[in-house]
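Here are some friendly notes to read alongside the structure. Take them in any order you like.

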Amino acid sequence: MRTVRYINGCIITPWGYVERGTLITRGERIAIISEGGGTRIPLEADETVDLEGDYLAPGFLDIHVHGGGGGDFMDGTQDSFRKAMAIHLAHGTTGLCPTTLTATMEELKQVFGQSAAMRRLAENPKEGLPGILGVHMEGPYIAEPMKGAQDAEFIRDPRDGSFRQILEMAAGELKIWTAAPELPGASAFAAEARRAGVLLSVGHSDARIEEVEQAVRDGYTMATHLYSSMSTIIRENGCRRPGVLEASLLMDALDVEVIADGMHLPASLLQLIVKTKGVEHIILVTDAMRGAGMGPGRYRLGSQKNGQEVISDGEIARLQDGISFAGSVATADRLIRVMNEQGQVPLWQAVRMMTYNPARALGEREIGSLETGKYADMVRFAPGVKVKEVYRRGRLVCKAGRKQEAGE
């Protein structure tokens, strides 16, 4: 079994830094982590990698991502999956949840099938792809006033029972389901989804706090892209009634997704979320569309067949009105950098929000942190979160934005 020793780096853990750290991998897994060497570090290794003072972090995990590199998961093709997966891998993402939009049943079925196929393919590190952690489905059970960039034509009501058909055709590939819990039939839907092992997230919702409280009782554990497409305080008969936003900030039972791309939320709100939720309940997500990692231009949000054209200036994607956001064009490294700089949290905490926290939320126990016995999914980066190398299962799969070919 091949042994690799990584020396002279700063190893990032969910609890801080291992300064001047040494990390040993044997095959696909982490064998030893030590600060400044030590007697337990073997003298012999098949290879020694001098990190030259760089950071070594767990591979980033993006649980809400629609596409990138010119591909959208809603296309349902291997080519688009590969494009999106490759661009996010190059920026440090070693595991992701392909995310859907409201769509036809036929399109959803195609996404589930392609996801399953690509999941199996990505299990081989030689393919140089991030792992697939399961599909994240946004909709079709969302509130029309909070649809955001979703296509209203495909919005459904859970009382029609269509969730049973979706769960059947997902065949275990569905991991997270974003829904509006105030819709008729939502509790029955939640019960079926939870029985199937699907995690539930409140999103694209016009609910009041009482309805979110019921959602938590029904098994919801997350809130989708905090501040975006969710209700906030309204006044009824002079009295203030909190909405999904306030409920998400208040309830410890809910982890919150945060799009920390420097565009969706200003620094003040990032700091408020940290102060309110605490580091342990924040999950950074890109919510990236097919323009992620690409230059300015016009891109299709959703599938090439049924998606809508949006405009990217290289910093953010907007609908045709030029005002409304249509997902992000960010990659994981940018989120960590923004949360560190604008959210004013230590770098290790920003990394935790995109590694340990999502892994814990998804119940993934072998990835998400650099610990003895876990898979050696790792990212080497310089100050400023400038990704240099990406490792998956102990194998170098990407170097300075370039995918490693088999045999290299």
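**Notes on the predicted model**

1. Let's begin with a hairpin. Strands E23 (residues 386–392) and E24 (residues 395–399) run antiparallel and are joined by four bridges; strands pair if DSSP finds at least two bridges between them. Two residues lie between E23 and E24, and in that turn arginine 393 has a positive phi of about 55°. Valine 390 has cysteine 398, in E24, as its bridge partner. Helices (H or I, at least four residues) and strands (E, at least two) are DSSP runs, numbered from the N terminus.

2. A word on the ground rules. This is a predicted model, in which local features need pLDDT of at least 70 and side-chain atom pairs count only at pLDDT 80 or more, while totals for chains, interfaces and linings use all residues. Residues are numbered from 1 along each chain as its sequence is written, and side-chain values use heavy atoms, leaving out hydrogens and water.

3. Now the cysteines. Cysteine 398 has a relative accessible area of 2% and is therefore buried; buried means under 20%, exposed over 50%, and partly exposed in between, with a 1.4 Å probe and protein chains only. Cysteine 97 is buried too, at 0%. How many disulfides does the model hold? The count is zero, taking a disulfide as a pair of cysteine sulfur atoms within 2.5 Å.

4. The largest nonpolar core has 90 residues, and Trp177, Val258, Leu284, Met339 and Phe381 have the most contacts inside it. Helix H2 (residues 105–122) gives the most to this core, with six residues. A second, separate core of 15 residues includes Cys97, Ile176, Ala359 and Leu362. Such a core is a set of buried Ala, Val, Leu, Ile, Met, Phe, Trp, Tyr and Cys residues joined through side-chain atoms within 4.5 Å.

5. Have a look at helix H8 (residues 332–341) as well. Seven of its ten residues are buried, among them Asp333, Arg334 and Met339.

6. Finally, helix packing. H2 and helix H3 (residues 162–170) pack with axes 9 Å apart, at an angle of about 30°, which means that H2 is roughly parallel to H3. Helix H1 (residues 78–90) and H2 have axes that come within 10 Å and cross at roughly 55°, so H1 and H2 are oblique to each other. Angles under 35 degrees count as roughly parallel, over 145 as roughly antiparallel, 65 to 115 as roughly perpendicular and the rest as oblique. Axes are lines fitted to C-alpha atoms, for helices over the stretch in contact, with angles running from 0 to 180 degrees between N-to-C directions.
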